[in-house]
Structures are given as C-alpha cells and as structure tokens.
Amino acid sequence: MRRITRITTVGIASAALALSATACGKSSTESGSGSDSKATKAAIAYDIGGRGDQSFNDAAYAGLKRAQEELGAKIAEGEPSDGEGDADKVQRLTALARAGNNPVIGVGFAYAPAIEKVAKQYPKTTFGLIDDTSKTGPNIANLVFNEEQGSYLAGVAAAKASKTGTVGFIGGVEVPLIKKFEAGFAQGVKDTNPKAKVLTQYLTQPPNFDGFSKPDLGKAAAQGQLDKGADVIYAAAGLAGAGAIEAAASDGKWAIGVDSDQYNQAGLSSYKEHILTSVTKDVSDSVFNLIKSVKDGKPQTGEVRYGLAQDGVGLADSNPAYKKMTDVIAAVDKAKKDIVDGKITVKTAP
C-alpha cells in the first residue's frame, strides 16, 4: 500500500503532527486567512483517484477551497491509498477529527462504514458523507444528488447529437450509485430516439474499485464502443473517465463528462473540443454549504439532497459547439422542465 505524507502550513503544530502520524495515505493541511485559533477548520478525505481526478474529487476540493477563501477556514485534506480498506479510512477520518477539523467530509459512498464508526467517537464533530444515505447519525450530514436526472439530460443530448444512432455508457464500478447514472442516461436516450442503441459496459466489479482510478481501463472500453459504431460516449467512472474522453476525442467523436464541467478541466484541455457537455453534480456547493452551516452554528444533519429543481445536478454548456446546437438545447430544456414539473419520472435503476 502506498503511504505518503505531505504536510504544509498549519496553524497549530500539534494538529499537524497528529495528522501526519495517524492518517493513512497522503495528507495535507493548509492555513486559511488569518491566524485566529478559533477559525473554522474543515477537512475532506478524498475518494478513489484522489485530488487531481478532474472530476468528483476535484469538485469537492473546489468547495473546500472556496470555504478557505470566503469563510477564512483552515483546510485539511486526506488522500486515499492504493487498495485500502475500511480500517485505513477510519484511521484517516480519526486523524482529521482529532486535529480539530469540523466538519470532516468523506468524499464518496466508500466512506460510509468508517464515518458511522468515527462519528460516534466524535459526537461534537459534524461529518459529511457524500453520495450515501445508508449510515446516519445525529452528527452526520448525508449529501446526496439526483444523478439520474442529470444523466437523463445527457441521454437526450446524446440521442440528438448522435449521427449513427449508437451511443455508449461506461460505468466505473457496477454499484447502485453508478447504476443511477446508467438508468437516467439510457432512459433519456430512448425517450428521445426509441430506435437508438445504448452500449453499456462496467470496468470492474466490487470489491475491485480500479474502475474509478485507471484511465487505461476507460480508454479501452471506450475504444471498444467506438469500434461498434458509438459516436457519443458518457462515462461515469471518476479518473478512469479521462481515458474514455481521450479515446472519443482521438476518434473525432463526442464524449460527455461527469461530476465536474470537464470541458473546463485543465488536465483535459487537449480533448475539450470533443467534450460535448458534462453532467454536473454540485458537490462543490454541498461541501461549502456544510462548512458554512458549521461555522454559522447550525450544522446540517440528515439527508441534504440536491436535484434538478435546485440546480444541484444539471448539464454544462461551456463548449461553444454545444451552444450552437439549438435543437439539442431545446430538447434538453424541455426535458428539464418536464422532470421538474413531474411530467417525467426518471428511473434510478436500469
């Protein structure tokens, strides 16, 4: 297992020592504005792929960084290790909580068992759990999204933009969360073009979660779908999705990003012209809002859901080429209105 410790500036030396001594995986802390010992201290523990995935984790970091800049929060980060288990996550969360961070946010459903355990040990600390409602508690905020709704819009866009009538979906790991992405996407495609064909592939099966972290797996899967005639590919696969985007771009076809607006991700700039749109989840705002709620003395707890009606999920329009597709935009806008108005109910399982 990879074990790297990275410590930057922190306001209280003992906190830094505690974090570096006990956190499994790569960790860092950064000071916020000012040196007030009572300043809000917030931390996130990253999901598979870590910061720099151009997707899910980077969206969470954006919310943490915003809290640093706008709220003066001191921030800390915990990176995952290759092949880690729940015990490693417990160790990481414990270190972050012991260092005085409040809230401590686990990025991804894989943190559910660890947060359930650590939250009981630190009842005065608020814990954020993104993408999971299976573990609850008086000091746990379950930050969840209607991914299927955003994915439905992606399906509408894919069906309208496709010239071959064949599109592809790539899931990182076949778990219920990613099945929501698949279900919404396939429904959006079929509702728009009943004759369209949706190719579906999952990269790995649990407990193997490499499908969220290895771009080569996404690239190979996308190439297989391209070879079968797909000309629009949507990957919900974390860092592995970058490989799918690369394959689609190299073949001159469309890719649809996920979680972040991947058209604007620096690490994907070489392929941006072929990123038609991205299904966005407002992970950034969910992180920032939780930190602000703690700072304001009214910490969020229980289920905090972000859906299409609240713009908690959506479809990005950063690509100028997409903005020119007036028929696609019109179809997407109509679908969004119909979902919000209750005329369309999006499935959460295929």
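**Aromatic rings, burial and confidence**

Reply: Ring pairs join Phe-169, Phe-185, Tyr-202 and Tyr-234 into a cluster. This is a predicted model, in which local features need pLDDT of at least 70, side-chain atom pairs count only at pLDDT 80 or more, and totals for chains, interfaces and linings use all residues. Residues are numbered from 1 along each chain as its sequence is written, and side-chain values use heavy atoms, with hydrogens and water left out.

Me: Why is the pair of Phe-169 and Tyr-202 called edge-to-face?

Reply: Rings of Phe, Tyr and Trp (its six-membered ring) pair if their centres lie within 6.5 Å; planes under 30 degrees apart count as stacked, over 60 as edge-to-face and the rest as tilted. The centres of Phe-169 and Tyr-202 are 6.1 Å apart and their planes stand at 65 degrees, so the pair is edge-to-face. Phe-169 lies in strand 7 (residues 166-173) and Tyr-202 in strand 8, 33 residues apart; strands are DSSP runs of E with at least two residues, and helices are runs of H or I with at least four, numbered from the N terminus.

Me: Why does Thr-94 count as buried?

Reply: Its relative accessibility is 10%, which is under 20%, so Thr-94 counts as buried. Thr-94 is placed in helix 3 (residues 86-98). Leaving aside residues up to four places away in sequence, Thr-94 touches Val-118, Gln-121 and Tyr-122, where contact means heavy atoms within 4.5 Å.

Me: How do you know which residues have pLDDT under 50?

Reply: pLDDT is the predictor's confidence in each residue, from 0 to 100. The protein averages 90, and 89% of the residues score at least 70. However, pLDDT stays under 50 over residues 1-24, and also over residues 29-36. Where pLDDT is low, the predicted coordinates should not be read in detail.

Key:
Buried < 20%, exposed > 50% of the residue type's maximum accessible area, 1.4 Å probe, protein only.
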